[in-house]
Amino acid sequence: MSALPRAPSAKNAPERQAMPDDQLMLAYAQGDAAAFDVLYARHEGGLFRFVKRLLGARLVAQADEVFQDTWVRIISARDSFSPQGATWRTWAFTIAHNLAMDRLRVSGREVTLDAHPDDDSEPVPTLDRGVRGAVDAAAHPSAEELAFWRAAGRRLLACLDELPADQRAAFLLHHEDGLTVEALASSLEIGFETVRSRLRYGLQKLRGCMERYLSVLEQRA
């Protein structure tokens, strides 16, 4: 992942570090380049990870280009950003989502499945966070435990790569980046029930794909 080329700016003042994303974007739109530096540093990792996971293994080589294009769009749209709409994070991740989905469509990879399941079960917690959280929660994890969680993490990434692009995007935006179903529907301009169906079908497939690891966790509980 390469950083965007930007002119050197003065050292960021502590008050900038404490500013919310929306205020940083407004300050940048008014000419404060250092505010953009803080915003970029704050979200560089998460945005790149989202793009990389959404594109999947086959298009991973294009992640850096989509990531760069996302920030170019953010910079170009700085004067039109409005905090009365979506939060900056939702706005930025929606831009990244749209660019990545465009790339997937060009590659012929996107598959749409928007059926509506009959069950009304609650979605499970984020599996990826569960992997990281379980390791963090153990003060002194054994080598066997670390090996298990690392293998589970690798398997989860492989399972995510097998999901249709729209389901993978909904899962990552909702569980990984915290967007509500309502925010997803609004940002992606699709129906609430469509978002729910994508999340549910994606979770069902992830459960099946991760069955081996989930059964071990159930036995440990």
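Predicted model: local features only at pLDDT ≥ 70, side-chain atom pairs only at ≥ 80, totals over all residues.
Helix α2 itself covers residues 21–29, and its buried residues are D21, D22, L24, M25, A27 and Y28. What do the buried residues of α2 pack against? Their partners are α1 (14–17), α3 (33–55), α4 and α5. If you're wondering about the spacing of residues on a helix, here's a handy rule: an α-helix has 3.6 residues a turn, so residues three or four places apart point the same way.

## The whole chain

Let's zoom out. The protein chain has 11 helices and 0 strands. Read from the N terminus on, the elements go α-α-α-α-α-α-α-α-α-α-α.

How much of the chain is tucked away? Of its 221 residues, 43% count as buried. Now take the contacts in the chain with a separation of 6 or more: 73% of them come from residues 24 or more positions apart.

## Where α4 meets α5

Next up is a pair of helices, α4 (residues 63–76) and α5 (residues 88–107), whose axes come within 9 Å and cross at roughly 135°. An angle over 145° would count as roughly antiparallel, but α4 and α5 cross at roughly 135° and are therefore oblique to each other. The crossing of α4 past α5 is right-handed.

Which residues of α4 and α5 make the contact? From α4 you'll find E65, V66, D69, T70, W71, R73 and I74, while α5 brings W88, W91, A92, I95, A96, L99, A100 and R103. Sorted by class, this contact of α4 with α5 has 10 nonpolar, 1 polar and 4 charged residues.

## Where α3 meets α8

Now for another helix pair. α3 packs with helix α8 (residues 165–176) at an angle of about 155°, and their axes are 9 Å apart. Since angles over 145° get that label, α3 and α8 are roughly antiparallel to each other. α3 passes α8 in a right-handed crossing.

On the α3 side, the contact is made by R49, F50, R53, L54 and L55; on the α8 side, by A165, R168, A169, L172, L173 and E176. By class, the contact of α3 with α8 has 7 nonpolar and 4 charged residues, with no polar ones.

A disulfide is a covalent bond between the sulfur atoms of two cysteines. How many disulfides does a search of the whole structure find? It turns up 1, and that disulfide joins C159 to C209, with 2.0 Å from S to S. The link of C159 and C209 is left-handed, with -85° about the S-S bond. It ties together distant parts of the chain: C159 lies in helix α7 (residues 143–162) and C209 in helix α10 (residues 192–209), 50 residues apart.

Are these cysteines buried or exposed? Buried means under 20% relative accessible area, so C159 counts as buried at 2%, and C209 counts as buried at 14%.

Helix α10 is also where you'll find R198. This arginine has 13% relative accessibility, so R198 counts as buried as well. R198 and Q167 are 31 residues apart in sequence, yet in space they are 4.9 Å apart, C-alpha to C-alpha.

Methods. Residues numbered from 1 in each chain as written. Heavy atoms only, no water. Axes fitted to C-alpha atoms, helices over the stretch in contact; angles between N-to-C directions. Helix = DSSP H or I, 4+ residues; strand = E, 2+ residues; numbered from the N terminus. Parallel < 35°, antiparallel > 145°, perpendicular 65-115°, else oblique. Left-handed = near helix turned anticlockwise from the far one by under 90°. Contact = heavy atoms within 4.5 Å. Nonpolar A, V, L, I, M, F, W, Y, C, P; charged D, E, K, R; others polar. Disulfide = S-S within 2.5 Å. Buried < 20%, exposed > 50% of the residue type's maximum accessible area, 1.4 Å probe, protein only.
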